[in-house]
Amino acid sequence: MLGLVSAKTTPNATPQHVSFPQNDNCIHKNGYETPSPLLKRTPSPSFSKPKINPPNKTLQELRTHESSLDNPDLGPFLLKLAIDTVASGDNQNKALDYAARASISFEKSSGPSLDLAMSLQVEAAIYCSMGRLEDAIPVLERSIEALDHKNGSDHAVAKFSGFMQLGDTYSMLGRVDRSISSYESGLKIQTETLGDLDPSVTETCRYLAEAYVQAMQFDEAEKLCQRSLEIHRVHNAPASLEEAGDRRLMALIYEAKGDYESALEHLVLASMVMIAAGQENEVAAIDVSIGNIYASLCRFDEAIFSYQKALTVFKSIRGDDHCTIASVYIRLADVYCKTGKLRESKSYCENALRILSKPVPGIATEEIASGLTEISAIYQALNEHEEALKLLDMAMKLLKDTPGQHSMIAGIEAHMGVMFYKVGRYGEARSSFKNAVAKLRASGKTRSVFFGIVLNQMGLASAQLYRIDEAAQLFQEAREILEQECGSCHLDTIGVYSNLAATYDAMGRVEDATVILEYILKLREEKLGTANPEVADEKERLAMLLKEAGRARIRKGNSLVNLLDSSS
């Protein structure tokens, strides 16, 4: 069967952020630190002002005409007030009121237009800065509808930025499928306007690839990252910093796909570029990634050496109590745990917890929660299950009110479900898995391998509670997903087949169970050979079911626990 997996969240979903078009007629800015890539332009780090020409009138004079919002002077003036209010850090509600009235004025005076789209995007950005993400979505959709990218480059830039801003907002809400769809629409407009090989396309490809990584759609992410690298070869000098950034992302994708040698190759190339550029901090970050690859390849001494190199640099740059130091401690703890040096492993865990319990100001909540989750997995490996559960509960509480963290919370709940299952607390396990499944469905991550695994784990918990019909439905859905994402011959898929056959037999559907077991036996023989112990086990199970189906003797009830595949 599918083994009891420690649920992970693919790369921790740092919320992506809001941005606007910026050209002679459009605003571009965001209030966050990682903006969407722009057509032909790197985003400004602060709220930029549009080049508008407000009328030479006072607000009081304009208000005398505000009863008729089709006054063409009112929209530009209100929009400027909104931007100035945001830039000065004054009351956000006042800025929102100015922007909303500016949008109404533009709509009444000129209808769908570039000015209206610009105003709506400012309004949406203010909503996002206030945490009102759901309110921002219809505003952004209106801004996109107000534009036709075939009406010139200004419209194309604004529409592109509208789609990227919409994708950012969906991402912060945890709705990754909608986020990806928006980014794809933005990329399509960008390539239609600038061409497939324009240098600015690389930034958008990288952005979309990162979204695909969050959705665990690694093949799509790899295609986009490869496309970005090909554009770099055309336009940039060899070994540019931009290319190094894409190689680090490509390494992450290969690591997720289990192609560790390819991941290591890209990381080494990226590290050489950063060393040549004197980027010590980036070199240390790459050393951590290289250590991760070595650990996955069971080259533990090399992993420890890479981690220690990074640790020395990070301490010299950031001090001893930064969360980056804690993250390296966690990796060292994991390696020492895998090599049986449990005292050293626990010591590094305690050092990491000391830092995470009193984080320096400015550290993101999700970064602390991620660290607690990783330490929990190590304590689980050390058979300290209660301590591991306590840490997961702390991580859940930290993320509870953080917007856009549904996927990360789902991963933690799935992890808790696995631990509850292992200690025999099946009711709590089922509840945790159920919560995780609901969040993953809401986030649109229903076609990922991880979702299939969580469904399978919930099915096992339901089976232990004798909720057999529910277990069968969960195994069926898990089978469909894993067949599509992994293929029918993948061992995870075969494990779900086996669990489904056991459940069918417990329901009295012996013929259906027999068909599945015959198929499993054929696959295992092809993959493992006829002498493998797992093949012998399947033959024994199949022979038992065939004997019952043929009514060679009176059918005896079988324990579902004995029938469920437990070979992993």
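This text walks through the structure from the whole chain down to single residues.

Start with the whole. The model is predicted. The protein chain has 568 residues, and buried residues make up 52% of them. Its secondary structure comes to 25 helices and zero strands. Now look at how the chain folds back on itself. Take the contacts between residues at least 6 apart in sequence: 61% of these join residues at least 24 apart. The accessible surface of the chain comes to about 25000 Å². Carbon and sulfur atoms account for 49% of that surface.

Next, find the loop between helix H4 (114–129) and helix H5 (133–145). Met-130 lies there. Is Met-130 buried, exposed or partly exposed? Its relative accessible area is 27%, so Met-130 counts as partly exposed, between the limits of 20% and 50%. Which residues does Met-130 touch, leaving aside neighbours within four places in sequence? The answer is Gln-92, Asn-93 and Leu-96. Pick out Asn-93. Met-130 and Asn-93 are 37 residues apart along the chain.

Move on to helix H10, which spans residues 241–257 and holds Glu-243. This residue has a relative accessible area of 12%. That is under 20%, so Glu-243 is buried. Leave out residues up to four places away in sequence, and Glu-243 touches Leu-229 and His-232.

Helix H11 comes next, with residues 260–276. Val-268 lies in this helix. Here the relative accessible area is 36%, and Val-268 is partly exposed. Val-268 also belongs to a nonpolar surface patch. Leu-269 and Met-272 make up the patch with Val-268, and its area is about 250 Å².

Finish with the cysteines. A disulfide is a covalent bond between the sulfur atoms of two cysteines. How many disulfides does the structure hold? The count is zero. Cys-298 has a relative accessible area of 53%, which is over 50%, so Cys-298 is exposed. Cys-323 has a relative accessible area of 4%, which is under 20%, so Cys-323 is buried.

Technical notes: Residues numbered from 1 in each chain as written. Predicted model: local features only at pLDDT ≥ 70, side-chain atom pairs only at ≥ 80, totals over all residues. Heavy atoms only, no water. Disulfide = S-S within 2.5 Å. Buried < 20%, exposed > 50% of the residue type's maximum accessible area, 1.4 Å probe, protein only. Helix = DSSP H or I, 4+ residues; strand = E, 2+ residues; numbered from the N terminus. Contact = heavy atoms within 4.5 Å. Patch = residues over 30% accessible without salt bridge, like charges linked within 9 Å, V, L, I, M, F, W, Y side chains within 5 Å. Areas by Shrake-Rupley, 256 points an atom, 1.4 Å probe, with all protein chains shown as cover. Salt bridge = Lys/Arg side-chain N within 4 Å of Asp/Glu carboxyl O.
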